[in-house]
Amino acid sequence: MAASTPVTRPHTPGAATGSRPGGRSARVRAAVHRAVEELLAEEVGDGLTIPAVAARAGVHATTLYRRWGSVGELLADVATSRFSGDVVVPDTGSLPGDLRRWAADVATDLADPDVLALMRATLGAGGEQGACACRGDREDQLAAMIEREKARGGTAPTVERTADALLGPLYYRAIFTGEPGSPDWARGLVDLLLPG
């Protein structure tokens, strides 16, 4: 069985351009991301503002406005960072096996209250940019599994169809019902997508 591999994401808005890894810029970004996650864990709701995040992170609000511009852009950056690489692309040797393991991992991730708080806040404040931050990496992971299956000579549904069949129910259960699906339930979604 081959090892799982993470999928890398291209540059996203809000991420520092040309900044050195490490250094002050990386420390500020890490402190701000941590502050956002802490405030969301405290269920501040509408209290998540640039000044509140800046105060918690120990930086000036002007730094946040200059770098992110708005709460929505900040949340999208935090979500993109959080959801990039949190679930790896499995390689079990078959598309059904890959998707079953992946769906179970996503279900486990969505059961984390901190993940749900971040997703809800990002979707609420970030508009389309927030939605893309919450789904982009996971769609890239699906695309990687589908392309690998095609390279093996197999047939596979489109990324859109797969996302509709797997991410749609997983995200709906987690975000709207408050009862995320279990890993076993998530694996069953694959059987509906790929019967037989």
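Visitor: What share of the contacts between residues at least 6 apart in sequence join residues at least 24 apart?
Guide: In the protein chain that share is 70%, with contact meaning heavy atoms within 4.5 Å. Keep in mind that this is a predicted model, where local features need pLDDT of at least 70, side-chain atom pairs count only at pLDDT 80 or more, and totals for chains, interfaces and linings use all residues. Residues are numbered from 1 along each chain as its sequence is written, and side-chain values use heavy atoms, with hydrogens and water left out.

Visitor: OK, how many helices and strands does the chain have?
Guide: There are 8 helices and 0 strands, taken as DSSP runs numbered from the N terminus (H or I, at least four residues, for helices; E, at least two, for strands). Along the sequence that reads α-α-α-α-α-α-α-α.

Visitor: And how much of it is buried?
Guide: Buried residues account for 40% of the 196 residues. Buried is under 20% relative accessible area, exposed is over 50%, and partly exposed is in between, with a 1.4 Å probe and protein chains only.

Visitor: Switching to Gly-130, where does that one sit?
Guide: In helix 6, residues 113-151. Gly-130 counts as buried because its relative accessibility is 0%.

Visitor: What does Gly-130 touch, leaving out residues up to four places away in sequence?
Guide: Ala-76, Thr-122 and Leu-123. Leu-75 is 55 residues from Gly-130 in sequence, yet their C-alphas are 7.1 Å apart.

Visitor: Now helix 7: where does it bend?
Guide: At Leu-167, by about 35°, with Pro-169 following within four residues. The bend is the angle between axes fitted to the seven residues ending there and the seven starting there. Leu-167 is also among the buried residues of helix 7, which include Leu-166 and Leu-170.

Visitor: What comes after helix 7?
Guide: Gly-178, with a positive phi near 75°.

Visitor: Last one: at what angle do helix 5 and helix 8 pack?
Guide: About 145°, with the axes 8 Å apart. Axes are lines fitted to C-alpha atoms, for helices over the stretch in contact, and angles run from 0 to 180 degrees between N-to-C directions.

Visitor: Which residues make that contact?
Guide: Helix 5 contributes several, including Leu-99, Arg-100 and Ala-103, while helix 8 brings in Ala-186, Arg-187 and Val-190, among others.
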